[in-house]
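Here are some notes to read beside the model.

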Amino acid sequence: MLQIGRAASWALDFRFLSRKQPSIQRRTVALSKSSASHTSNMTIPTPPIGEKVDHIMEMFGDVRNDQYYWLRDDSRSNPKVLSHLQQENVYTNAVMADTRQLQEELYNELRGRIQEADMTVPLRKGTYFYYEKTLEGKQYKQHCRQLIVGGEGPGSVNEVMKTGPDEPVEEVVFDENVEAEKHEYYHIGAFKVSPNHKMIAYAEDTKGDEIYTVYVIDAQNGELIGSPLMGIADSLEWADSETLVYITMDDIHRPFKVWRHHLGSDQSDDTCLYHEKDEEFYLELHQSESKEYHFVVSGSKTTQFVLYLNLSDPRKELKYVTQRVEGVDTVVSHRGNHFFIKRRSEEIFNSELLVCPIDDLTATTMLLPHRPSIKLQELQAFKDYLVVYERENGLVKVTIYHLPPAGEPIKSLSSGQTIQFIDPIYSVSPVESQFNSHILRYEYGSLHTPPSIYDYDMNIGKSVLKKVEPVLGGFDKEKYEILRKWAVASDGTQVPISIVYRKDMVKLDGTDPLLLYGYGSYEICIEPDFRATRLSLIDRGFVYAIAHIRGGGEMGRKWYEDGKLLKKKNTFTDFIACAEYLLKNQFGSKEKICIDGRSAGGLLIGAVLNMRPDLFKAAVAGVPFVDVVTTMLDSSIPLTTAEWEVLAGVNLCFICGRLFV
């Protein structure tokens, strides 16, 4: 299936749904849209038909003939493949010709909601405010800072960075626009300021292959320091102001080695701190909130363990915080002389929280026990507080616990304070904050609330709004209704649905157009957050709904486990149940129901179309992974080996394929 742009896809939505449609009985392939019935007055070329070429493969005694294997072209240069794709594009353009004006209208509408000249909320780091800016007519960011009058400190929730002739001047430490002009493709991954604030290390990708080159520059004048580091993953941290730690990837783009680099030395002389040889495990590098430790995380789909590097002497070797134990997943945070450990296993599926002294990792104390209905999702440590993000009934709650003075034993957590949110459904996530401060910064949003940055004073329990993402074009959140409903799946499980619509546009009498989105894989939570692009549908009278189906993580770890492997069918039947609920309760018309999913969600769309071709009238299957068996058996393809553990081994992968993610 060819991909078309968002404006083109929605233009076809509008055209498709503006006419009465026959049922798509017997339809077995998920297409972006079928428009043949709308082109009677148009001259449409014959659809290109891919040639069938025998390609025999044998494994486990099974012989397969993949007649379209010739379409694989890793070099992107095969004339035969390129010719076929060009024919597909010609055909697509012809079919879409009568929507070109609407596409242009939608494109201008989508772009018109964006405030191009904007900046992030400044964040205190040492003696500077750091922030990012976007400029009118420019595609990339400027990384900026301003000296703090009064110097380093915890700050205040009411603090505002002042500008003007009497204030410290703004320093543009790096302008991505300048560098991007030199390349056809440009992306900045990691962007790290040295502890002494004199240097910047940034990871640059100029090909789109997610293989980065790291440059170190002088923060004052932008001059290059030393030679670039080549072939790096997007994982980079300063150990001190003379030492970098980074990760490299193997031939299939698996992050597998951690390195230490001293400025001024050659990359070939760098020290390998850790080599992960198991091809099912991938490495990550994180710095503790305290800036005192680096954590190297080695994880597969079911198992994860953590090593640490004490930054008081970055020349030392890595040590284990948690050991590799099959089926046990750990995450570590630091404060004072303690490590906090979030631990999950098959029995403790929603995780528990432990604490231990750094000098005796076996002396763990339980702080939050496992709870079957509440998932422990994330930790954020501060000098005096521990912030815990938990998920209950599909929504995230944020609880702050006051800690005893550093150096004292931590035997339990005090009664926590929970931040209250006003919307019935919402999304909330942590934003970088100062470890030594009493201010927690978080991002909040909902289906009708644009992303909003808040500073929360943990001393007094007060949130202060710092910024709301601008949405141009007269957006007014009060025009929109947001709801949480529950469908009942075929096995009796209640499945949450998030809904948004314009109060003055819909009738809720079973005649409104409805778009239902779903994903349901990899324990990924599809949050009920804000997307300005959706307004082009909602402001034309669409009801927009998200089916939080099993296979995702919205209702905890079990929600994920009940939607994979031999239970993967629950993902599809949950989605069908959500669609049936919405139609039965008149949130949409049976003749105007669209469904949308991408990647693993594209697989979902293909499955439900095959299971219930009578139910849906239009479908978007974005980058669907449907060449299952051949792909998942090829270990040379990036990301493939990581899937094998979830698929319970390559044999089951061969039989069942990506259906079991």
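Predicted model: local features only at pLDDT ≥ 70, side-chain atom pairs only at ≥ 80, totals over all residues.

1. The side chains of R254 and D250 form a salt bridge, with an N to O distance of 3.0 Å. The points below cover a few of them.

2. R324 pairs with D278 in a salt bridge whose closest N and O atoms are 2.8 Å apart. R324 sits in the loop between strand 18 (319–320) and strand 19 (329–335), while D278 sits in the loop between strand 14 (271–275) and strand 15, so the pair ties together parts that are 46 residues apart in sequence. R324 is partly exposed, at a relative accessible area of 37%. D278 also counts as partly exposed, because its relative accessibility is 24% and buried means under 20%.

3. A further salt bridge links R371 to E390, with 2.6 Å between the closest N and O atoms. Here a loop is joined to a strand: R371 is in the loop between strand 22 (365–368) and strand 23 (374–381), and E390 belongs to strand 24 (residues 385–392), so the bridge ties together parts 19 residues apart in sequence. R371 and E390 are both buried.

4. Some salt bridges share partners. K375, E523, R557, K558 and E561 are joined in this way into one network.

5. How many cavities of 30 Å³ or more does a search of the whole structure find? There are two. By class, the lining of the largest cavity has eight nonpolar residues, five polar ones and no charged ones.

6. The second largest cavity holds about 40 Å³ of space. Its lining consists of L447, H448, F475, Y480, V500, F530, R531, R534, L535 and I538. Seven of these residues are nonpolar, one is polar and two are charged. The lining of the largest cavity, by contrast, includes no charged residue.

7. S290 is in the loop between strand 15 (282–287) and strand 16 (293–299). Is S290 buried or exposed? S290 counts as buried, because its relative accessibility is 10% and the limit for buried is under 20%. The side chain of S290 makes a polar contact of 2.6 Å with the side chain of H334. Leaving aside residues up to four places away in sequence, S290 touches H334 and F435.

8. L135 is another loop residue, placed between strand 5 (128–134) and strand 6 (141–147). With a relative accessible area of 27%, L135 is partly exposed. Which residues does L135 touch, not counting those up to four places away in sequence? They are E116, A117 and Q142. The C-alpha atom of L135 is also separated by 6.8 Å from that of D118, a residue 17 places away along the chain.

Definitions and conventions
Residues numbered from 1 in each chain as written. Heavy atoms only, no water. Helix = DSSP H or I, 4+ residues; strand = E, 2+ residues; numbered from the N terminus. Buried < 20%, exposed > 50% of the residue type's maximum accessible area, 1.4 Å probe, protein only. Polar contact = N/O pair within 3.5 Å; in protein donor to acceptor, adjacent residues only side chain to side chain. Contact = heavy atoms within 4.5 Å. 1 Å grid on protein atoms, 1.4 Å probe; cavity = no way out; pocket = protein on both sides within 12 Å on 5 of 7 lines; lining within 4 Å. Points joined across faces, edges and corners; volume = space filled by probe spheres on them. Nonpolar A, V, L, I, M, F, W, Y, C, P; charged D, E, K, R; others polar. Salt bridge = Lys/Arg side-chain N within 4 Å of Asp/Glu carboxyl O.
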